[in-house]
Amino acid sequence: MSLQKGANVPVSSTKVRVELGWQGGPGAPDVDVSALLLTAAGKVRSDDDFVFYNQPVHGSGAVRHEGRRQDGGGVLETITVTLSGVEQEVGTVVVAASTDGTFGQVSGLFVRVLDAGSGAEVARFDATGATSETAFVLGELYRRNGAWKFRAVGQGYASGLAGLATDFGITVDEPAATPPPAVQQVATPPKPPAPAPTVRLSKITLTKAAPAVSLTKQGATSGAMRVNLSWSAAAPPRGWMKKGKDAVRLEDVDLDLSCLWELRDGSTGIVHPIDNDFGSFDQPPYVRLDQDDRTGASESGENLFINLDHAAEIKRLLVFVVIYDGATSFAGLHGVATLYPPTGPPIEMRLDECTVQSPVAAIALIENVNGELIVRREAKYLVLAPGIFKQQAADIEYGWGMSWHAASKD
């Protein structure tokens, strides 16, 4: 059901998927979805009631930030809400969006509510007329007389996600102002109270201008780091997704998230779906692939988990992507790789810069440099020489020195 601003509709589902959608592409600003759990007073109970990319799961488990996926030429970012599990003190779940540009630059912005079981659309609201806004409350799920409804809101903010979150009672970690010049003190001033915990809204995008970041300096020295690959194909670009005279079906395009690893004891290997080499998290190589998404339809995409408890044993890891089938280039596939360290902001790398007809893309090189883990953006598209396997191209480019043989998936 398509809603106008201010309209509402009953929601009978016990669990819903709320999807924020927009048109992506070169030059388009990035957009993020978030949710705030509010009491009857219209405020959060604490900063824990804010669900977004840096805090993806609410403590109750009822609200989850599920990440993003591509949908043709558009982008969808999803939050799931188990309405039957929302605590009684919470009367409203606000669905908001923020952008690193302005919403006047964002095309096709909408929010829709789907039944999580059947996938049936319950409600949809298309946000139009935006100009300089940098954050939006698009809609809200709210409780009335024990039943849930969804309302289309469409309220813009010029103060970004930080301003929106602050309005609802979130304590945001803003960059510190430059302190004034020091003044000689006659007496020792009293020790200031410890600062209250704050929510960090920052996220890191590795670019040509800023290609590296230290995980160690971010405090990510233990626990699990997740590397996520999400993608889906848009319309075939310039015929690169053709096979003979017939266009390849988009659902046949299969990307594989892969990792070449080298430990400090000299052992090497690869983690990828071929021959079911999914790796191991608790044993060498301390890298594990969760699944093989063969269509790009999985909302969670493919994920590598790296055990940072064993960072001292890791020499280097090369995270790369191979087109296993269905296309000969990354152009138009809208691939996004995101590293989620156990602490600190997520690190995002996009695969939208493909200018060559290559089936192999090196994403990131993680190296142990004198005990410090450094993540470096690669964004290299590797052209195959005759007789070279796709995975072998990454080996040759980065000097792993492994031997290779023909293999396939089950």
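**Strand pairs, salt bridges and a cavity**

Valine 213 stands opposite valine 375 in β26. The model is a predicted one, in which local features need pLDDT of at least 70 and side-chain atom pairs count only at pLDDT 80 or more, while totals for chains, interfaces and linings use all residues. Residues are numbered from 1 along each chain as its sequence is written, and side-chain values use heavy atoms, with hydrogens and water left out.

**Exercise A: strand β26**

Find in which sense strand β13 and strand β26 pair, and over how many bridges. Then find how many bridges join β25 to β26.

Solution. Start with the terms: strands (E, at least two residues) and helices (H or I, at least four residues) are DSSP runs numbered from the N terminus, and two strands pair if DSSP finds at least two bridges between them. Next, take β13, residues 212-214, and β26, residues 372-382: the two pair in the antiparallel sense over 3 bridges. Then turn to β25, residues 360-369, which runs antiparallel to β26 and is joined to it by 9 bridges. Within that arrangement, glutamate 367 faces isoleucine 374 of β26. Finally, look at the hairpin of β25 and β26: 2 residues lie between the strands, and asparagine 370 takes a positive phi near 55°.

**Exercise B: glutamate 19**

Solution. A salt bridge requires a side-chain nitrogen of Lys or Arg within 4 Å of a carboxyl oxygen of Asp or Glu. Side chains of opposite charge can pair when their charged atoms come close. A further side-chain polar contact, of 2.7 Å, joins glutamate 19 and arginine 112. Such a contact is a pair of N or O atoms within 3.5 Å; within protein, one must be able to donate a hydrogen and the other to accept it, and residues adjacent in sequence count only if both atoms are side-chain atoms.

**Exercise C: arginine 45**

Determine which residues salt bridges join to arginine 45 in one network.

Solution. The whole structure holds 12 salt bridges. In one of them, the side chain of arginine 45 meets that of glutamate 87 at 2.7 Å, N to O. This pair links distant parts of the chain, 42 residues apart: arginine 45 sits in the loop between β3 (31-38) and β4 (50-51), glutamate 87 in the loop between β6 (74-82) and β7 (92-99). Arginine 45 is partly exposed at 35% relative accessibility, and glutamate 87 is partly exposed at 27%. Arginine 45 also forms a salt bridge with glutamate 89, with the closest N and O atoms 3.9 Å apart. Here too distant parts of the chain are linked, from the loop between β3 and β4 to the loop between β6 and β7, 44 residues apart. Through shared partners, salt bridges join Arg45, Asp49, Glu87 and Glu89 into one network.

**Exercise D: the cavity**

Solution. A cavity is a set of points, on a 1 Å grid over the protein atoms alone, where a 1.4 Å probe fits but cannot get out; lining residues have an atom within 4 Å of a point. Grid points are joined across faces, edges and corners, and a volume is the space filled by probe spheres set on the points. The search finds 1 cavity of 30 Å³ or more, and the largest cavity has a volume of about 40 Å³. Two or more of the lining residues come from each of β24 (347-350) and β26.

Key
Buried means under 20% relative accessible area, exposed over 50%, partly exposed in between (1.4 Å probe, protein chains only). On a 1 Å grid over the protein atoms alone, a cavity is a set of points where a 1.4 Å probe fits but cannot get out, and a pocket is an open set with protein on both sides within 12 Å along at least five of seven lines; lining residues have an atom within 4 Å of a point.
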